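Dear colleague,

Please find below the structure that I am handing over to you. My notes on what was found in it follow directly after it.

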Amino acid sequence: MKRKKTFPYVVLTLTSIFLLIPFIATLVYSFTVGWTKLLPAGWTLKYWGQAFTEPNLWPAILRGVLISIPPILICNVVVILALYTSVVYYPKLEKYIQAICMVPNSLKGVIIAIPVLALYAGTPTIFSNRMVMLVCIYSISILPFVYQGIRNNLHGINVTQLLEAAEILGAGKLYAFVRIVLPSMLSGILVSSLLALSTVFGDFAIIKIIAGNKFETVQMLLYNSRVIVLQYQCVIVIIMFTATLVISQAVFKFQNKKRG
Amino acid sequence: MSYIEFKNIHKRFGDAHVLKGINLNIEQGEFVTLLGPSGCGKSTLLRCFSGLETVSEGEIYLDGVNITNFTPKQRKIGMVFQQYSLFPNMTVRQNVAFGLQIQKKEKSLIEEKVKEVLDIVGLSEKIDQYPRQLSGGQQQRVALARAIVMEPKVLLLDEPLSAIDALLRRNLQIEIRRIQQKLKITAIFVTHDQEEAMVMSDTIHLFNVGQIEQSGSPEEIYAYPKTKFAANFIGHYNILDTAAMKKVVTVDTGSEFVAIRPEAIRISPDDGGSGGQDVRMKGKITGAMSRGTTVAYTVNCGGLEVNADVLFSPNGRMGIGEEVYLQIPKKDILELR
């Protein structure tokens, strides 16, 4: 007898509605000329037109993406190498790596940004460069997401035995790691990287403290345009959301294509 | 000199002394099983042979060469693991070809050999599938193909069938044995399943707490266990305390325990008369369990519980509480160390 699956469907539908409401409300609001007590006063495409002709918007989105990439790369390389070393050579070290990687969870970006600025601003080192500062701070603040994603994936594929199997077949440990383990972890790396991307992409506090108005990302653009009408801000939010969605879908498509 | 020689192998993990002076010889083309319960050291010995573990003491020889300090790659062996360990990002073809590619063999030769071994394991049609698209049994056959394509000097099998269901397992036991005999490859097989060991092996080495308890052919190990542990582990032997047995019947033995196979005991409702070659005991049936072709009786002989397996007969079934006579050939009463 086929069991009825009504309950899961109801839960899933309600959750989807709950998650979509803010998005739909923002989208709808971006098309309105104003709002009466209950319904929109009228509809317009004016703000969307403004957004697409706004000369600062697209460079701001591009800046957001560009500033996200180096921290994600740095963080992934560091975490993968650390976990590889601990899993293959020193399994007892893993708990310490975990503890270290989780620290940024309790030290929010602002708390890291202010001391970094006080410590390095104006010094004759490379760290006084605001872009370097930003990259370094982001690298630390995304550490928990990247670590957790990669760790879960690494433990799901029985690395030790895969490496041993490859070793018996004549491969070196590092070669086996690059050729077998790393590709098998790709989905975990991508998921945690996307999570990190959305965190960096959505940051306002750190960039405001470190770069001020010198490096205008979309969040900064939103902040600077706070005096502008709300509908315009809604358009920017929808564009940001869509940009993140497009990037993540492109990455997953690429991954699935590689898998065959 | 044997093809493989383990000489006084010791292995310690911190304070744990896992292998305690193993001496073992294996001949070329032999299918040898290391049998024993979990934690007895059988897999550790296999891993020491493969080079995945180092030995704490002792030497290992393969084909006359001391390989004790060789890397796994230098040993030229093949290994099949319990959890298949197929590379998940590679197709069957790529998995099987992996070792040959490392050896930088010609592409055409790799293709030819891959197809040949996949044909041997009967998976030619799965060549372009990924491990996740295969069943457990198919994955294990790919793992076997990946190992034998390298033409290893020795094939190591570390509990390769323990993650597979019973029916498939029986088929794979036969399959592995067939391939081993066809390729005349020396194989060391690790298992904790005595039936599996009996079906597959030329020689069984029974392990217990880091030492070899008994070695021999499957028939020898089954019919003549030498120790209480061997009798317990190998079959459903009756292991009887000699002192308790002597209270019931006269037996001529100096050992503390004796073992009797349940199927060696004859059971009948009346005393069949005395025979000099048999030991006879009177008892009462306390349990009867049908196992299809046999019936397993438990008989209490003056406080001594004895199990006897009798061929099933529709009219000859005896009931619980019935008084019976047990007849045990003296040659089937085995003295244990």
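The buried residues of helix α8 of chain A are covered by elements of both chains, including α3, α7 (143–156) and α9 of chain A and α1 (42–50), α2 (72–75) and β6 (77–80) of chain B. Helices (H or I, at least four residues) and strands (E, at least two) are DSSP runs, numbered from the N terminus.

Before going further, please note that this is a predicted model, in which local features need pLDDT of at least 70, side-chain atom pairs count only at pLDDT 80 or more, and totals for chains, interfaces and linings use all residues. Residues are numbered from 1 along each chain as its sequence is written, while chains are lettered from A and ligands numbered from 1 in the order in which they are written.

How many of the 10 residues of α8(A) are buried? Eight are, so α8(A) is largely enclosed by the rest of the structure. Here a residue is buried if 20 or more other C-beta atoms lie within 10 Å of its own, exposed if 12 or fewer, and partly exposed in between, with C-beta atoms placed from the backbone. Among the buried residues of α8(A) are Val159(A), Leu162(A), Leu163(A) and Ile168(A), and also Glu164(A) and Glu167(A). After α8(A) comes Gly170(A), with a positive phi near 105 degrees.

Helix α1(A) lies largely in the open, because the number of buried residues among its 25 is one. This helix covers residues 6–30; at 1.5 Å a residue it should span 36 Å, and its end C-alpha atoms are 35 Å apart, which agrees. The expected span is 1.5 Å times one less than the number of residues. At Leu20(A), α1(A) bends by about 40 degrees, and Pro22(A), a proline, follows within four residues. The bend at a residue is the angle between axes fitted to the seven residues ending there and the seven starting there.

**Where the chains meet**

Between the two chains, 14 residues of chain A are in contact with 17 residues of chain B; two residues are in contact if their C-beta atoms, placed from the backbone, lie within 7 Å. On the side of chain A that touches chain B, α8 (159–168) and α9 (173–184) each supply at least two residues. The largest share of that side, six residues, is from α8(A). By type, the residues of this side of chain A are eight nonpolar, four polar and two charged. In this division, Ala, Val, Leu, Ile, Met, Phe, Trp, Tyr, Cys and Pro count as nonpolar, Asp, Glu, Lys and Arg as charged, and the others, Gly among them, as polar.

Chain B has 10 helices and 18 strands, and 40% of its 337 residues count as buried. Its domain assignment gives domain 1 (4–233) and domain 2 (236–336), with bounds that come from an automatic or database domain assignment. The C-alpha centres of these two domains of chain B lie 40 Å apart, and seven residues of domain 1 are in contact with six residues of domain 2.

The largest nonpolar core has 142 residues, and Ala145(B) and Ile188(B) have the most contacts inside it. Helix α3 (residues 57–88) of chain A gives the largest share of this core, eight residues. Both domains of chain B give residues to this core, so it lies between them. A nonpolar core is a set of buried Ala, Val, Leu, Ile, Met, Phe, Trp, Tyr and Cys residues joined through C-beta atoms within 7 Å. Leaving aside neighbours within four places in sequence, the contacts of Ile188(B) include Ile26(B), Val32(B), Phe49(B) and Leu156(B).

**Individual residues of chain B**

Is Ile9(B) buried or exposed? Ile9(B), in strand β1 (residues 4–13) of chain B, counts as buried because it has 24 C-beta neighbours inside 10 Å.

Lys113(B) is placed in helix α4 (residues 107–120) of chain B and, with 19 C-beta neighbours inside 10 Å, counts as partly exposed. Beyond its neighbours within four places in sequence, Lys113(B) is in contact with Leu100(B) and Val149(B). The C-alpha atoms of Lys113(B) and Val149(B) are separated by 6.7 Å, although the two residues are 36 apart along the chain.

Finally, Tyr84(B) has a positive phi near 65 degrees without being a glycine; Tyr84(B) is buried, with 25 other C-beta atoms within 10 Å.

Yours sincerely
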